Amino acid sequence: MRIPGWVSETARAGYRRAPHWAQRRIVHWGRRVIERGQGSGGRPALSVVMPVYNVERYLQQAVDSVLSQSFRDLELILVDDGSTDSSGELCDRYAIGDSRIRVIHKQNAGLGAARNTGIAAARGDYVAFIDSDDYVVPGAYAAMMRSLHDSNSDLITGNVVRLDGKRYTQSWNQARSHLFHYTATTLSAHPELVFDTVCWNKVYRREFWDVHVAGFPTGKYFEDIVPVFKAFLNARSVDVLPRTVYVWRRRDEKNSITQRILEPRNVCDRFEMIDEVDDLIRRHSLTPAVAERFRLKILEGDLWIYVRELAGAPEETLERLRRAVDRYWTSAPETIAALVPVERRIAYTLIGAGRGPEVPDFLQWFWSEGRRSLSPRPGGGLMINVAGSPVALDGIPERYLRMPAGIRTLVGSTVARRVYHRLPHRVRRPAARAKRRVVKEIRSSRQVVVRLSARGPGGRLPAGEAAGRAGAHSAVGEIVIDTLECTPAGDIVVAFSDATDDPVEVGLAPGSGTPLRWIAAEQESGRCHVRVPTEYEDSAGIRRPLPSGPYRLCLRRTGKDGRTQALQVHVGTRIHLPHTALTEAAKVTLDSRGRGDVAVAIAAPVPDDVLAKPAQAELIARHGRTPRKLEHAVFFQVDVGFGSADSAAAIAEELRRRESSLTMYWGVEDLSVAVPAGAVPVVKLSEDWFAKLNASRYIVNNYGGAWGLTKDPGQRYLQTWHGTPLKFIGVSEARQNSAAPARLQKIAAEAAQWDAAVSPSPYFTRILASELLFAGTVLEVGYPRNDRLAKASGAERDALRAALGIGPATKALLYAPTYREGRRQGWKAPLYTGLDLRFLLDQLGPDWCVLLRGHNFNARDDLTDRSCDQVVDVTRHRDVNDLYIASDLLVTDYSSVMFDYAVSGKPMAFFVPDLEHYAAVRGMYLDLREIAPGPLCRDVSSLAEQVRDPVELARAHADRYADFRRQFSPWDDGNASARVVDAFFDPASGWSRE
């Protein structure tokens, strides 16, 4: 139901006049409505992904713990990973009883693959995970979503307890990372986050997850270690809740992954993931504290859980632990080694010396007798008395045997340190505060056993910790905007008061990204004002409106110490939103987000009344009447209106060269798309769109159909397609995704409108018939878009390299990955980030640069410029041919760019760590391993080794390269555009022939 504007305004006025206590009640009630889902529509706010495999005993409690949450606006995705018990049937039964449950059945492939499947199916703006033998504490999601709502952080993490039988204990990881409450913190500010390596005690923003985390490794144990660290590493900010949100069960059957610790695969997979995180830490500019805490975490937990259970370990397990000790203990700085308990120092040293089988005997002695056998050390302090050890410890460095001086005097003494128990809801025992603690026993230099001699009332937070928590909050400044308007030119004018004299900057950030640029506010007598343009400068230096999509108004202040502080934005009560301004270039809408800050929506300059369904239907009917008078014009469309290059640009250039009198219209999604010289942009869904599309004698398109076209018998429609496909398209793609018959009918209906289609090879001619269901004329003439590649000169190459800032002696590697199907949403997808470009360039050296070219889906998803010292982000560069010509070699994966790049004759390499997974999800016509004209690399080091010498790379694969060229681009000789114009366009169109 649409609420009339006067009702909304009356409600706002009543809220402003209400006393403070009433306003708080209203806000509280609104939050409760949101949590119970009564205000949501369409897709859910939160998607919870639960992999399920042979857990019939625990499944009901796990499912119920999600469905009974006070936060109701969620969906639960149960991924049955090939269960052999009744778990799959139970999932289907639960789905019948609750519409919020969706079930996916798949073949068993492990936790990582199951979670990735669930993420791909998730519809929520936020995503969370739960294992099917654990459960979520009541109220957990409401608290976490509320915190994210207030802080605008990218993720939130909550505390965890272990459940062993009927006994609850604080999880050791979160005991270090979740001691206090943090709002909008970071990994550098709170290094203890490295202890928190599990995925299921968190809620993530979906956009952030897709861009910066991407998914879980498949076929590995402990698959969440790397993704969780990537999340902390890339997050703008993180919230930390000390309250318990998740209960981690230790199964009675002792058959979970974490309980089968001596299996070689268990230890190998864990340390493979740990090593990858360690590599990430070394490659990124993190504070030394992060590296130190991570090293301490390994020595305290990851390594120790194996070492303490080493009796009977297989030789492969011992060898993998020895390598871990070499990497993390042998080179540990003394500051870290001093924090490690004495028995662990000795055990690690023994393993490093190849004496792993002796460790169980030493630990048994230490725990029974050794920890009590302390003897004075010359110069002060205490030392383990090694004389009674059954294992020779003479070679152990003395510093590893020491214990702090005076530790013996603790026994029997009173300890004032407070300990807090954060237990789940079902444990009725109060969170007691001990007034007096007596040391009963010393176990190590860092571990004592205490007896509580007096207890105070439970449940209250001690004053000392309360002060600590208050100081732990990240201070975020606030700004109240009291002037907010959009000018006729589309600029956003912002004004506010600021008590400080520190400079404030304002920027527009696309989606969940960072501002494209910051604009300094002008300050005068405590008042600040700034004009924020809604335009950008394209690769040709031309100012254009920003691409359509959601943006955020961001503010930051720079202090006198040079540090910047993000400012929380609030809209003043006198500003009435939403407000829309329609300019010649764009439609700009200002609105207030849920937190009170400002959302900016930019769209094509088409009035709302024209976009209404009745108006669109009327335009189609009016301009689609047949027969009709056709205009001497050609209507081009590239990438459903998002592009202006490809074969269409080459054909337009050929028409211009021949001085054709045809008017050239170019259909665009919005005016941010730069069209070729001489072409007239026509905005999609505008009245002009329907008029020009249906009146043009010729139509040239490179994808599917042209929306709004009712084809006249006198019109001629040319389909150029947008590249030679390796992966499934058309019918196979539809069947791969279990598409409905309507999708197949649409493919056939689109092809029925085409009069001719361009083919670059016999291979693609076959695909036109079988996949795109085209039975008309095929112009086997080559790809017009590749003419420039076949004719490129050295002078053109030098000019393009200079324009891109590439030095004459610099080797330019073009990296052009395709998108990943599971992360696509409509015509958008986040950039694939599996290749660490920094690490690659570190290996190649300073005389290299990378031209980063994302898929056009990536360009629509995020405007962020990822350029850095040796990386030039050219994702939004208009014509990819410029990049082919300027580069020295190509690295890609499964993209069709490989078939075009072969025309240049330059070498190629393929970075394909997920080859089998990608082929299974998307489907491929050919086995890349059989046809690739260059090496297939699974890791960055091998890729660097292969591409380091482009001349040798070309020589090593010359024969396969020649076969590849003959098979996929035999007709690309630089004259395809001329042949297309000769064959398709009416010679009487009015151009001058040479």
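Q: Let's start with strand pairs: which residue stands opposite Leu590 in strand 29?
A: Strands of a sheet pair through backbone hydrogen bonds, in either the parallel or the antiparallel sense. Here Leu590 faces Val600 of strand 29. Strand 28 (residues 587-592) and strand 29 are antiparallel, and six bridges pair them. Two strands count as a pair if DSSP finds at least two bridges between them. The strands themselves are DSSP runs of E with at least two residues, while helices are runs of H or I with at least four residues, all numbered from the N terminus. Keep in mind that this is a predicted model, where local features need pLDDT of at least 70 and side-chain atom pairs pLDDT 80 or more, while totals for chains, interfaces and linings use all residues. Residues are numbered from 1 along each chain as its sequence is written, and side-chain values use heavy atoms, without hydrogens and water.

Q: How many bridges join strand 25 to strand 29?
A: Four bridges link strand 25 (residues 549-558) to strand 29 (residues 598-603), and the two run antiparallel. On this side, Arg552 stands opposite Ala599 of strand 29.

Q: Now a sheet with parallel pairing: what is the order of its six strands?
A: The order is 39-38-37-40-41-42, and the sheet is open. Strand 39 (871-873) and strand 42 (936-937) are at the edges with a single partner strand each, so one side of each has no neighbour in the sheet. Further in, strand 37 and strand 38 pair in the parallel sense over five bridges, and Ala812 has Cys849 of strand 38 as its bridge partner. Strand 38 is joined to strand 39 by three bridges, also parallel; there Val850 partners Val871. Four bridges tie strand 37 (residues 811-816) to strand 40 (residues 889-892), with Ala816 opposite Thr892.

Q: Which way do the side chains of strand 38 point, and are they buried or exposed?
A: In a regular strand, side chains alternate between the two faces of the sheet. Trp848, Val850 and Leu852 point one way from strand 38, Cys849 and Leu851 point the other way, and all are buried. Buried means under 20% relative accessible area, exposed over 50% and partly exposed in between, with a 1.4 Å probe and protein chains only. Helix 33 (residues 940-947) lies across strand 38 (848-852) as well as strands 37, 40, 41 and 42.

Q: Turning to helices, at what angle do helix 10 and helix 13 pack?
A: Two packed helices are described by the angle between their axes and the distance between the axes. For helix 10 and helix 13 (residues 315-328) the angle is about 20 degrees, with the axes 9 Å apart. That makes the two helices roughly parallel (angles under 35 degrees; over 145 is roughly antiparallel, 65 to 115 roughly perpendicular and the rest oblique). Axes are lines fitted to C-alpha atoms over the stretch in contact, and angles run from 0 to 180 degrees between N-to-C directions. Contact means heavy atoms within 4.5 Å. Among the residues that meet are Phe271 and Asp275 in helix 10, and Arg320 and Leu321 in helix 13.

Q: And which residues of helix 9 meet helix 10?
A: Ile225, Val226, Phe229 and Lys230 do, and their partners in helix 10 include Met273, Val277 and Leu280. The axes of helix 9 (residues 225-234) and helix 10 (residues 264-283) come within 9 Å and cross at roughly 20 degrees, so helix 9 and helix 10 are roughly parallel too.
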